[in-house]
Amino acid sequence: MYAPSTLILPADARPRLRPVRAPRSSHHLSSADTGLISRTEMLARGETDASIRVAVRDGTLRRVAQGWYALDDAQPGTIAPLRHGHRLTCISVTPMHGLWTPHGDSSARPGQSISRLHVYRYQDTRDTPPRMAGHPTPHRGWPEQDPVASLPLALEHAMRCQDGETAAILLESAMAQGLLDPVEVTALLTAAPATVRSRIGRLSTASDSGSETRVVRWLRRRGFTVEQQVYLEDVGYLDAYVGGIFLEIDGRGPHTAQEVFEADRARDLTATSLGLQVLRISYQQVWLDWARTQRKILAAIRQVGPFGRAKVRALAGRRSAAA
């Protein structure tokens, strides 16, 4: 896997530590996360069948399938699969696990709705309901009792279902969020077919968002050497350095908070005052105008890259003023 860059500018600067998220203790979602609860769990909490019937009659609970009930805050899309004897998985559940998930469905065929629910069921002859994408499984019974897929199972399905870029985004997001470590991700890849591993390719432990994964992955596949999370004194960590330019890549929608806008511009001003070439790329440019953005990035590398590389070499060899 690719790791964060060791490039520090100037060379003797003392970088502050990047925050590391504490790993989640479980890869499974609770009833508080999904809004779905089983009869077994309610009985373990001290409820009785009589009290459950009263809650259903009062409307506090909704019975959605044998042994399964929905609370008032049940997550959208989780109930329909249960009613049909299936359970939610793949990109339909990764946002619930906290993963950066691209909009749309890269497995959908032209003209096919991208709002399909991705579901799975243990091996039997039951057809997948309309507007649902089924994921084949060799199991003769439920591999887990969760009403939606656990994180590892959802990723296992997504790796086989989605294109390589989407799968890479999900896997890198799991590492960035501290939900899976590189060893666990490697285990998922090892268990996948060779064709799946080839499609996904090498991953990075340094990407902070799906937008960064898309841009960096594209550059590396074009043969560029990309340094991620380069530390610049008085600026902090910059998303990527490639071909003489630095990239700052917005991972979400437009930045509307004034303090965020001002902080970004202050960072850009400091970097530019050192002669460094900073290219800030918006979420819309990455996801809604990607082809044009690719051409602009290549043009920037071609036109100002030589100048930027010279500045980086000079700064990398310069001692800070405090030294």
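What follows is a short chat about the cores, a sheet and the aromatic pairs of a predicted model.

Reader: What should I know about the model and the numbering first?
Author: The model is predicted, so local features need pLDDT of at least 70 and side-chain atom pairs count only at pLDDT 80 or more, while totals for chains, interfaces and linings use all residues. Residues are numbered from 1 along each chain as its sequence is written, and side-chain values use heavy atoms, with hydrogens and water left out.

Reader: OK. How many residues are in the largest nonpolar core?
Author: It has 22 residues, and those with the most contacts inside it are Leu 155, Met 159, Leu 171, Ile 200 and Leu 203. A nonpolar core is a set of buried Ala, Val, Leu, Ile, Met, Phe, Trp, Tyr and Cys residues joined through side-chain atoms within 4.5 Å. Buried means under 20% relative accessible area, exposed over 50%, and partly exposed in between, with a 1.4 Å probe and protein chains only.

Reader: Which helices supply at least two residues each?
Author: Helix H5 (151-161), helix H6 (164-176), helix H7 (182-191) and helix H8 (194-200) do. H6 gives the most, six residues. Helices (H or I, at least four residues) and strands (E, at least two) are DSSP runs, numbered from the N terminus.

Reader: And is there another core, or what lies apart from this one?
Author: Another core of 17 residues lies apart from it, with Val 242, Ile 281, Trp 290 and Ile 297 among its members.

Reader: Switching topic. What is the strand order in the open sheet?
Author: The order of its three strands is S5-S6-S7, with mixed pairing. Two strands pair if DSSP finds at least two bridges between them. Strand S5 (87-88) and strand S7 (132-135) are the edges, each pairing on one side only.

Reader: How do S6 and S7 pair?
Author: Strand S6 (residues 117-120) and S7 run in the parallel sense over four bridges. Val 119 has Gly 134 in S7 as its bridge partner.

Reader: How many aromatic pairs are there?
Author: Seven, from a search of the whole structure. Rings of Phe, Tyr and Trp (its six-membered ring) pair if their centres lie within 6.5 Å; planes under 30 degrees apart count as stacked, over 60 as edge-to-face and the rest as tilted.

Reader: Why is the Trp 100 and Tyr 283 pair called tilted?
Author: Their ring planes are at 45°, so the pair is tilted, and the centres are 6.4 Å apart. Trp 100 lies in the loop between S5 and S6 and Tyr 283 in helix H11 (residues 283-287), so the pair ties together parts 183 residues apart in sequence.

Reader: Are those two buried or exposed?
Author: Trp 100 is buried at 11% relative accessible area, and Tyr 283 is buried at 14%.
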